[in-house]
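Try each task before you read its solution.

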Amino acid sequence: MAAALPSSWEELPPDLLGLVLRRLPSLADRVHIRAVCRPWRAGADPQRHKPLPPPLPWLAIRDGTLVDLHGAPIRCAPILRDGVFRYLAVDNLAFLVDNDGGCSLMNPLSGQTLPLPKLAPAVRRGAKHSACHPRNTHAKVVLSSPLDLTPDPLVAIIIRDGFSLVISPSKDHDAINISMPPERLGGLSSARISDIAFLHGELYALTYKEGLHIISLDVNGLSEQKKFHQCIAHDPKQQQVYSPYRDWQQQIYFEGTGTDSEYLVMRYIAQSNGRLLMVRRWMSFSSVVRLGDCKTFRFDVFEADLITVPGRWTKVENLGGQSLFLGSQCTKSVPASQYAGGVREDCIYFMHRVSDNPCKEYIHKCVNPLGDCGVYNMRDGKIMPLLPEVVMAELQSKRQFLTWFFPADA
């Protein structure tokens, strides 16, 4: 006798619900599935199925709004609320800075907040020579591991002047300040921090001259005596801005950018499947316009070779099946094959630079927040649109910076 068919949608078997969930790349869609009825909520419980593919990232906007890649707003706890001055996106969390300079981590989906009482005094110490207000000195924040995997992960912050860091466990231990060692050659720019990343329990700092420094960190041994040690020497030939007139001997010319363009190079580092990668982002701009109007046209990716002494950067032609979501605040490498939404492997998904889009209290006009974003394919060097045209039009009206936010499945 043939098996009886379900008499209603409520009786849909849990294994079929699991198959549906695995084909939904949007976390919002997965939540909607679970909200249909009680049987579906029970049948779609993540604990009843194999681990689902990670949901696609969202876009985090300065005003605290989160939207998905289709431009739809996400219902979550308000990130900016009374007493909060600003926030930075940190993977699937928001790093909050209060009006008095206090810091905390918040999960916008649950509203759960973790105070970081030891960070504010350390940030003030690290920013004592900075011209920025203490509430605005946090250039980037990274965690050593997700909060749900480690009970007390380390929090590292780049102070906006770029010459020092603040590091602290996320619980009750004291925070410490660490300054980059001065370079006798190459000037201050060789010691200025461009980006930071954790790998295998150690913190790495990349300088604007592509020097790489490392510090071994241990919660029980965190102290002011900790120092960075250089593992890849800085390259005095590297610059942040190249001019075809000033730097003609270096032959910095690229097809399609025009000989009257100048070139801005941003440098990032990211942990990618156990490797430490450095990314050079090439942007062209005319000498008669603001840097906010620059256009990304190329990426170069290098892997840190830390086995040889001294260490060196080795150029790579692909990401080993990974995809890299690149942003000024939040950068993350993900395995493309695990995503159900068509994330392309060996591609770099990049955002506009945060520094190009001042908020409304500044005198400068805000630039198009999506004027320089896209998907760069390392295999053929082509750049594709980051978002559908209709979504681009909706977000461009906001005139605020965007960065990546990576929700965890719930």
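**Exercise 1. A hairpin and its neighbour**

Task: Describe the hairpin formed by β23 and β24, and find which residue in its turn has a positive phi.

Solution. 
- Step 1: Five residues separate β23 from β24 in this hairpin, and the turn residue with a positive phi, about 75°, is Gly 381. Strands here are DSSP runs of E with at least two residues, helices are runs of H or I with at least four, and both are numbered from the N terminus.
- Step 2: A word on the source: this is a predicted model, in which local features need pLDDT of at least 70, side-chain atom pairs count only at pLDDT 80 or more, and totals for chains, interfaces and linings use all residues. Residues are numbered from 1 along each chain as its sequence is written, and side-chain values use heavy atoms, with hydrogens and water left out.
- Step 3: β23 pairs with strand β24 (residues 383-384) in the antiparallel sense, over two bridges. Two strands pair if DSSP finds at least two bridges between them.
- Step 4: Strand β22 (residues 347-350) also pairs with β23 in the antiparallel sense, over four bridges.
- Step 5: Follow Tyr 376 across the strands: Ile 348 has Tyr 376 as its bridge partner in β23, and Tyr 376 has Ile 383 as its bridge partner in β24.
- Step 6: Strand β23 (residues 374-377) is covered on both faces, with Gly 374 and Tyr 376 buried on one side and Val 375 and Asn 377 buried on the other. Buried means under 20% relative accessible area, exposed over 50%, and partly exposed in between (1.4 Å probe, protein chains only).

**Exercise 2. The surroundings of Lys 140**

Task: Is Lys 140 buried or exposed, and with which side chain does its own side chain make a polar contact?

Solution. 
- Step 1: Lys 140 counts as buried because its relative accessible area is 5%.
- Step 2: Its side chain makes a polar contact of 2.8 Å with the side chain of Asp 195. Such a contact is a pair of N or O atoms within 3.5 Å; within protein, one must be able to donate a hydrogen and the other to accept it, and residues adjacent in sequence count only if both atoms are side-chain atoms.
- Step 3: The two side chains also meet in a salt bridge, at 2.8 Å from N to O. The pair links distant parts of the chain, with Asp 195 in strand β11 (residues 193-199) and Lys 140 in strand β7, 55 residues apart. A salt bridge is a side-chain nitrogen of Lys or Arg within 4 Å of a carboxyl oxygen of Asp or Glu.
- Step 4: Asp 195 is buried too, at 1% relative accessibility.
- Step 5: Beyond neighbours within four places in sequence, the contacts of Lys 140 (heavy atoms within 4.5 Å) include Leu 88, Ile 157, Ser 328 and Thr 331.

**Exercise 3. Further salt bridges**

Task: How many salt bridges does the structure hold, and which residues are linked in a network?

Solution. 
- Step 1: The structure holds 11 salt bridges.
- Step 2: One of them joins Arg 267 and Glu 210, whose closest N and O atoms are 2.8 Å apart. Arg 267 lies in strand β16 (residues 261-272) and Glu 210 in the loop between β12 (202-207) and β13 (212-216), so the pair ties together parts 57 residues apart in sequence.
- Step 3: Arg 267 and Glu 210 are both buried.
- Step 4: The network consists of Glu 210, Arg 267 and Arg 280.
- Step 5: Glu 303 forms a salt bridge with Arg 275, with 3.3 Å between the closest N and O atoms. Here Glu 303 is in strand β18 (residues 295-305) and Arg 275 in strand β17 (residues 275-286), 28 residues apart.
- Step 6: Glu 303 is partly exposed, as its relative accessible area is 24%.

**Exercise 4. A helix contact across the sequence**

Task: Which residues does Val 391 touch, not counting residues up to four places away in sequence?

Solution. 
- Step 1: Val 391 is part of helix α5 (residues 389-396), and is buried at 4% relative accessible area.
- Step 2: Val 391 touches Leu 69, His 70 and Gly 71.
- Step 3: Val 391 and Ala 72 are 319 residues apart in sequence, yet 8.8 Å apart in space, C-alpha to C-alpha.
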